[in-house]
Amino acid sequence: MKKTILAILVFVTALGAQAQSLFWDSSDPDKSVTLGARLGWNFASMAGKGSNFFDCRKGVAFGAEVDINLIKSFSINTGLYFTMKGTSLDVTKQIDDMMGMKAKATMAVNFIELPVYASYHLRFTPDSGLQIFAGPYFGYGVYGKAGIKLRDAEEYKSDKVKLFSDNGFHRWQAGIGLGASYTFSDRYVVGLQYQWGVSDVAELVDNQWNLFQLSVGYNF
């Protein structure tokens, strides 16, 4: 009986240690810094007042990711990315009488973004695992334009205007990001994230840029 009880205690202790190692490993990381390249597909939208009239804009994002590994289960996830955002508005759907004319307005904005995410690592095998991250991001608008296209039975017209000049649009943006990625073969990464903008798009406008993103990547 004593041997049985001792064996059970040893088994429970080993199981607890294994579970602790699986969900939280505070030992030193294999690498202090992990570098990677990322390519993403964006589905951007405008949130805030009247945002239900706007459609999402598809785009891409690419850049370099840096994981500063503090312990095996925790890192600071950052990097530098080029990210496309924006929105579109089908004016024809919103106005009942366009007298046979079709009109569509678009807004395209591109940012350089710097995330600073707290990242939790859950390792399933030595070369695969799940990474969950959340935190703030900061962006700077490098290019933006707004345009409208008008078309009827006889002619087609379009007009464009640059943003981020003296028209009140804000270059500097900030928000909160939340996402997860899965690494396999210790190199290849697939991930998704959502960004909630907290900065207004422009002066006197209570709207923010939101973004859903799917991504793939490679760790060096």
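Modeller: Gladly! This is a predicted model. Let's begin with the side chain of Glu-65, which makes a polar contact with the side chain of Arg-38 at 3.1 Å.

Colleague: What makes that pair a polar contact?

Modeller: The cut-off is 3.5 Å between N or O atoms. The Glu-65 to Arg-38 distance is 3.1 Å, so the pair falls within that limit. The side chain of Glu-65 also makes a polar contact with the side chain of Asn-77, at 3.0 Å.

Colleague: Where is Glu-65 found, and which residues is Glu-65 in contact with?

Modeller: Glu-65 is found in strand β2, residues 55-71. Setting aside neighbours within four places in sequence, its contacts include Thr-34, Leu-35, Gly-36, Thr-78, Gly-79 and Tyr-81. Arg-38 and Asn-77 are among them too.

Colleague: Is Glu-65 buried or exposed, and how do you know?

Modeller: Its relative accessibility is 11%. Buried means under 20%, so Glu-65 counts as buried.

Colleague: Let's turn to salt bridges. How many are there?

Modeller: The count comes to four. One of them joins the side chains of Glu-113 and Lys-85, at 2.8 Å from N to O. This pair links distant parts of the chain, with Glu-113 in strand β4 and Lys-85 in strand β3, 28 residues apart. Both Glu-113 and Lys-85 are buried.

Colleague: Why is the pair Asp-30 and Lys-72 called a salt bridge?

Modeller: The closest N and O atoms of Asp-30 and Lys-72 are 3.8 Å apart. The limit is 4 Å between a side-chain nitrogen of Lys or Arg and a carboxyl oxygen of Asp or Glu, so this pair qualifies.

Colleague: Which salt bridge involves Asp-186?

Modeller: The side chains of Arg-123 and Asp-186 meet in a salt bridge, at 3.8 Å from N to O. Arg-123 is in strand β4 and Asp-186 in the loop between β7 and β8, 63 residues apart. Arg-123 counts as partly exposed at 38%, and Asp-186 is partly exposed at 36%.

Colleague: Finally, which residues make up the largest nonpolar core?

Modeller: The largest nonpolar core has 10 residues: Met-46, Met-107, Val-109, Phe-111, Ala-146, Leu-163, Phe-164, Val-201, Ala-202 and Trp-209. The largest share, three residues, comes from strand β4 (residues 102-125). In soluble globular proteins, nonpolar side chains tend to be buried together.

Colleague: What does Met-107 touch?

Modeller: Not counting residues up to four places away in sequence, Met-107 touches residues including Met-46, Ala-146, Leu-163 and Trp-209. Arg-57, Lys-85 and Phe-169 are also among them.

Notes: Residues are numbered from 1 along each chain as its sequence is written. This is a predicted model: local features need pLDDT of at least 70, side-chain atom pairs count only at pLDDT 80 or more; totals for chains, interfaces and linings use all residues. Side-chain values use heavy atoms; hydrogens and water are left out. Helices (H or I, at least four residues) and strands (E, at least two) are DSSP runs, numbered from the N terminus. Buried means under 20% relative accessible area, exposed over 50%, partly exposed in between (1.4 Å probe, protein chains only). A polar contact is a pair of N or O atoms within 3.5 Å; within protein, one must be able to donate a hydrogen and the other to accept it, and residues adjacent in sequence count only if both atoms are side-chain atoms. Contact means heavy atoms within 4.5 Å. A nonpolar core is a set of buried Ala, Val, Leu, Ile, Met, Phe, Trp, Tyr and Cys residues joined through side-chain atoms within 4.5 Å.
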